[in-house]
Amino acid sequence: MDGGKVIAGKTQGDSVDGLNKLGAADVLAIAFMFILLIASTMIIHAYSFLPLNSAMDRQIELKTEHIYKTLELAHVYPYAISYSRAACEILLLSTPTIAENILRLRFFEILEFVCPSGYGIYVNFCHENNSWGIIYPEGSNFSETQFTKKGTITLAAAGGAYAIVKVELHLFKL
Amino acid sequence: MDFKQVLTTLITVLLTISLILTIASAYKQQRTISTLVNLSDVSSSIITRLTTEEMTFVDPSGEKQVYVIDADKAKSIPFKRTIGSYDFEFQMSILYRIENYEFSIGTFGPAPPNDRPTCSIDVSCALWMEGRLLPAKLRVIVWMD
C-alpha cells in the first residue's frame, strides 16, 4: 500500500511539474497569437482604406465627365470653336478652322491644365476609318484604363449633310 | 511564482494590451476615414450642384448652359449647406487659362478652419467671360460646420 501511494504521489507531482514547464507547444501558441495579432492589424487597416479609395474613384469619375464636357464646350483661344469640334474638323474637312499642329499643341495645353495629378488622359476622335487622338503625358501607357467617357458629336453641313464622330476619353492612373 | 509563470503572465498581458490598442486604433482610423469619405461625397455633391445649377451661365434666350459657369454668380450663392442633416460650409475659387497663362478669380466664402478636416476638389468646366468660353477649373474646399 505504501509503495502504491509513493508511486501515485510521484505521478501527480510529475504531471504538475510538466504543466509548469514552458514547452515547445506553449512557445508555438504564443508565436501563433502574435502572428494572428499582426495579421489582423494589417487586415483591419487595409480594409478600412477601401471606402476612401471608393470615394476617390467617385471623384475621378466626376472629373472624367467634367473634362469631357469642357473639351466639348470650351473654345480654343483665340478661335470661337470648341476643342472637340476642332478635332472633328481635322477628321472631316480638308481645310479645318485650326491646323492640326496648332490644335495638337492647344489640346496638350488644356489636357495639362485639366488633368488630375497622378493621372493621364487619352482622347480619341473616330469617324469611319479615320481617327485622331492625343495622349497626355506624351508617351504614357494607357492600358490600365480606369475611367472612360464615350459620346458622339454631330457636325452638320449646308444642304442637310451631317457626320457623326465618336469620342472616347480615357482617364488612367500613371 | 517562478520565472516561467511571470514570463507567461507578462506575454498574456502584452498580447491583451496590444489587442486593445489595435482595436482602439482601428476604431479611430475608421471614424477618420468615415468623416473623410462623407466630406468627399459632400464636396462632389456641392461642386456638381454648382456647375450644373447655381453657377451656370444663362444665355440671352434664358436657357441654362450646364457645365458653363458665370463668375458673377459667385457672390450671390450661399456658402452654408445642410446635407443629410449635417451642416457644411465651403470656400470656392475659379482658375482659368488663356493660352499659357493661368488666372484666378476669388476666393469666395469663409476661410477653412485649421482644427477640423477639410476636403478639396476641383473640376474642369467652361467659364463664360467677355463673350468667350474659356477652359477653367472650379475648386471648392468643404468642411463640417
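Predicted model: local features only at pLDDT ≥ 70, side-chain atom pairs only at ≥ 80, totals over all residues.
**Ground rules.** I number residues from 1 along each chain as its sequence is written, and chains are lettered from A and ligands numbered from 1 in the order in which they are written. Local features need pLDDT of at least 70 and side-chain atom pairs count only at pLDDT 80 or more, while totals for chains, interfaces and linings use all residues.

**Entry 1: chain B as a whole.** I started by listing the elements, which are DSSP runs numbered from the N terminus: helices are H or I with at least four residues, strands are E with at least two. Chain B has 1 helix and 7 strands, and from the N terminus on they run α-β-β-β-β-β-β-β. Next I looked up its dimensions. The C-alpha trace of chain B spans about 90 × 40 × 25 Å along its principal axes. Its radius of gyration is 24 Å, whereas a compact globule of 145 residues would have one near 15 Å. (That radius is taken over C-alpha atoms, and the globule rule is 2.2 Å times the number of residues to the power 0.38.) Buried residues make up 29% of chain B. Here buried means 20 or more other C-beta atoms within 10 Å of a residue's own, exposed means 12 or fewer, and partly exposed is in between, with C-beta atoms placed from the backbone.

Entry 2: I followed strand S4 (residues 86-98) of chain B into strand S5 (residues 101-108) of chain B; they run antiparallel and are joined by 6 bridges. Two strands pair if DSSP finds at least two bridges between them. Arg97(B) has Glu102(B) in S5(B) as its bridge partner. The hairpin has 2 residues between its strands, and Glu99(B) in the turn has a positive phi of about 55°.

**Entry 3: the core.** The largest nonpolar core has 53 residues, and Val142(B) is among those with the most contacts inside it. Such a core is a set of buried Ala, Val, Leu, Ile, Met, Phe, Trp, Tyr and Cys residues joined through C-beta atoms within 7 Å. Not counting residues up to four places away in sequence, Val142(B) touches several residues, including Leu39(B), Ile46(B), Phe88(B) and Phe90(B). (Contact means C-beta atoms, placed from the backbone, within 7 Å.)

**Entry 4: where the chains meet.** I found 29 residues of chain A in contact with 34 residues of chain B. Which helix of chain A gives the most to this side? H3(A) does, with 12 residues. I then checked the length of H3(A) (residues 50-73): its 24 residues should span 34 Å, and its end C-alpha atoms are 35 Å apart, which agrees. The expected span is 1.5 Å times one less than the number of residues. Among the buried residues of H3(A) are Gln59(A), His66(A), Tyr68(A) and Leu73(A).

Entry 5: Most residues other than glycine have a negative phi, and most peptide bonds are trans, so I wrote down some exceptions. The bond from Tyr77(A) to Pro78(A) is cis, with omega near 5°, and Pro78(A) is found in the loop between H3 and helix H4 (83-92) of chain A. Another cis bond joins Tyr136(A) and Pro137(A), with omega about -5°. Glu128(A) has a positive phi near 50° and is exposed, with 11 other C-beta atoms within 10 Å. Glu130(B) also has a positive phi, about 50°, and is exposed, with 5 other C-beta atoms within 10 Å.

Terms used
Contact = placed C-beta atoms within 7 Å.
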